[in-house]
Amino acid sequence: TPAVVQAYLPGEELSSFSIAHQGAVVGSVIYRGLIVSGSVAVCFEVIPEPEPAMLEWIAHFVRATAYSGFIAFDFRRTDDGQALPIECNPRATSGIHFLTPEALYGSIMDGAVLDESGPYRGERLKESYSCFTRLLASATSPRQFREVAHVMRTSRDVTWHRDDPWPFLLMMINTYRIVALSLFGRRSFAEAAVLDIEWREAPESVS
């Protein structure tokens, strides 16, 4: 059957998160996934000095589409500095955690240029519960288990906040079905989270 096939692209996989306003990039963060559940990074760290080619590619895309809002890309970075885009997500992604709420508010409401010196810059961030399911999945490989555990110990959780602890404390209760499907069904947490999505053929005509 007809299919869209993409050739393998070499290089390190990196992700971007940007905010755009009327075709101009207000600010961008480039980061890499450290722990991946399925195809979703659940622990990640910012790249202090991203390749200029990536920032230029993002700016060109935003300018050509006159885009406003959140937009994210996945790239392959080759050894010679080329930025090879592989996916576009026009929404908030995990990269949003690298920016302060104040910076986000100013950029969204006023189109202010992002102050990219937020409190998380240069640090590793994680979503603890998703990382925990990934840790359990690696229990049969002692070496992989130690590597995942080390990254988790050296990362800051993005859900926990002492002024509002309930999202963290209730996460396991609110997502118990997904956790159970992941653990007992031998699926990644990301796969279990989208099992209720049903794909159907589009009708030939809609009345």
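1. Is R124 buried, partly exposed or exposed? At 27% relative accessibility, R124 counts as partly exposed, where buried means under 20% relative accessible area, exposed over 50%, and partly exposed in between (1.4 Å probe, protein chains only).

2. This is a predicted model, in which local features need pLDDT of at least 70 and side-chain atom pairs count only at pLDDT 80 or more, while totals for chains, interfaces and linings use all residues. Residues are numbered from 1 along each chain as its sequence is written, and side-chain values use heavy atoms, with hydrogens and water left out.

3. Strand β1 covers residues 12-21, of which seven out of 10 are buried; strands are DSSP runs of E with at least two residues, numbered from the N terminus. Nine bridges join β1 to the antiparallel strand β4, and seven join β1 to β2, also antiparallel, pairing being assigned if DSSP finds at least two bridges between two strands.

4. The structure holds eight salt bridges, each defined as a side-chain nitrogen of Lys or Arg within 4 Å of a carboxyl oxygen of Asp or Glu. One of them joins R76 and E13 at 3.9 Å, N to O; because R76 lies in β4 and E13 in β1, the pair ties together parts that are 63 residues apart in sequence.

5. R124 forms a salt bridge with E45, with the closest N and O atoms 3.4 Å apart, and this pair links strand β6 to strand β3, 79 residues apart. E45 is buried, at a relative accessible area of 17%, and both residues belong to a network of salt bridges that also includes E12, R32, E51 and R77.

Definitions and conventions:
Helices (H or I, at least four residues) and strands (E, at least two) are DSSP runs, numbered from the N terminus.
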